[in-house]
Amino acid sequence: MELTEFISGLINEGNVTVAADLLSFEEADLRTAAIHLQQYYEDDCREMPYTAPALDMEAARWAAGYLYTTVQFILLRNLDASLLETHLPAYKGERTAAAIYSADLTLRYLPDLFLLAKGLSPEDPLIARFYQTAHQWPFSAAAIPLTEQVDLSAINEHPSLRQAYTDRIIQARNLSQCRLPENLPFVQAALGTHAAILWPQFDTVINEFIL
């Protein structure tokens, strides 16, 4: 029950344990993990603005397994970088609003892991993987600086994701995501006339667009 215990520890205690070797999760483990994710979704969606997207269990389980293995790569320093592609596979489904929110149940911890991994070894190939994942799942990576254009259409088209994503950008004080033309008007509207007080540095972004 490696994945189940990982999810339970992450949600309930904020502490996780992982196996000392890369592994494939057993079917019984995946089924029990799905029960935990379902409950987590039902609890979490009550805190979302507007109406949260539906649960996409395939995306939720993929993300939980992805996060589990990411923690392994951070902690088990003997793992070779050549294993990243095999053991951290990209999500193969469509990144719909439901998939984005469901994956976020666990991928929301990605920025914390990014900072941890970058602190341990800034040149680690895992860092490049973090950036790649952040560009694919920007809703879960509002605190990670983005360097390339990202597809925000599924987020922008869903009121709940749009508002939550804007709130995360402001909370993370992430100027790089503010500079994305798709994000700027939403952040500006959310800050309103209080921008100078709530986030003084936001003015630098506004001035760049004016110039």
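Predicted model: local features only at pLDDT ≥ 70, side-chain atom pairs only at ≥ 80, totals over all residues.
This report walks through a few helices, residues and ring pairs in the structure above.

## The annotated span

Let's begin with the record. UniProt, in an unreviewed entry, gives residues 3-202 the feature "domain: MoxR-vWA-beta-propeller ternary system". In the model, that span is 60% helix and 0% strand, and its end C-alpha atoms lie 40 Å apart.

## Helix H1 and what follows it

Helix H1 covers residues 2-12. Its buried residues are Leu 3, Thr 4, Phe 6, Ile 7, Ser 8, Gly 9 and Leu 10. Which helices do the buried residues of H1 pack against? They pack against H2, H3 and H5. Just after H1 comes Gly 14, with a positive phi of about 75 degrees.

## Around helix H2

Gln 38 sits in helix H2. With a relative accessible area of 31%, Gln 38 is partly exposed, because that value falls between the 20% and 50% cut-offs. Its side chain makes a polar contact of 2.8 Å with the side chain of Glu 42.

Not counting residues up to four places away in sequence, Gln 38 touches Leu 55 and Met 57.

Ala 54 belongs to the loop between H2 and H3. Setting aside residues up to four places away in sequence, Ala 54 touches Tyr 41, Ala 98 and Ser 102. Ala 54 and Ala 97 are 43 residues apart in sequence, yet 8.1 Å apart in space from C-alpha to C-alpha.

## Rings and charges

The whole structure holds 11 aromatic pairs. One of them joins Tyr 41 and Tyr 101: the ring centres are 5.8 Å apart and the planes meet at 65 degrees, so the pair is edge-to-face. Tyr 41 lies in helix H2 (residues 27-44) and Tyr 101 in helix H5 (residues 97-107), so this pair ties together parts that are 60 residues apart in sequence. Are the two tyrosines buried or exposed? Tyr 41 is buried, with a relative accessible area of 12%, and Tyr 101 is buried too, at 0%.

Elsewhere, Trp 62, Tyr 66, Tyr 91 and Trp 137 form one aromatic cluster.

| Charged residue | Ring below it | Distance to ring centre |
|---|---|---|
| Arg 95 | Trp 137 | 5.7 Å |
| Arg 168 | Phe 139 | 4.2 Å |

Helix H7 runs over residues 125-136.

At the start of H7, a side-chain oxygen of Asp 124 comes to within 2.8 Å of the backbone nitrogen of Leu 126. Leu 126 is also one of the buried residues of H7, along with Ile 127, Arg 129, Phe 130, Thr 133, Ala 134 and His 135. Together these buried residues pack against helix H3 (57-75), helix H4 (84-87) and helix H6 (110-120).

Thr 70 is found in helix H3 and is buried, with a relative accessible area of 2%. Leaving out residues up to four places away in sequence, Thr 70 touches Leu 88, Leu 113, Leu 126 and Phe 130.

His 135 is another H7 residue to look at. His 135 counts as buried because its relative accessibility is 16%, under the 20% cut-off. The side chain of His 135 reaches the backbone oxygen of Tyr 131 at 2.7 Å. Beyond its neighbours within four places in sequence, His 135 is in contact with Leu 146, Thr 147, Glu 148, Gln 149 and Val 150.

How values were computed
Residues numbered from 1 in each chain as written. Heavy atoms only, no water. Helix = DSSP H or I, 4+ residues; strand = E, 2+ residues; numbered from the N terminus. Expected span 1.5 Å × (residues − 1). Buried < 20%, exposed > 50% of the residue type's maximum accessible area, 1.4 Å probe, protein only. Contact = heavy atoms within 4.5 Å. Polar contact = N/O pair within 3.5 Å; in protein donor to acceptor, adjacent residues only side chain to side chain. UniProt positions renumbered as here; feature names shortened; annotations may be inferred. Phe/Tyr/Trp six-rings, centres within 6.5 Å; stacked < 30°, edge-to-face > 60°. Lys NZ or Arg CZ within 6 Å of the ring centre and 35° of its normal.
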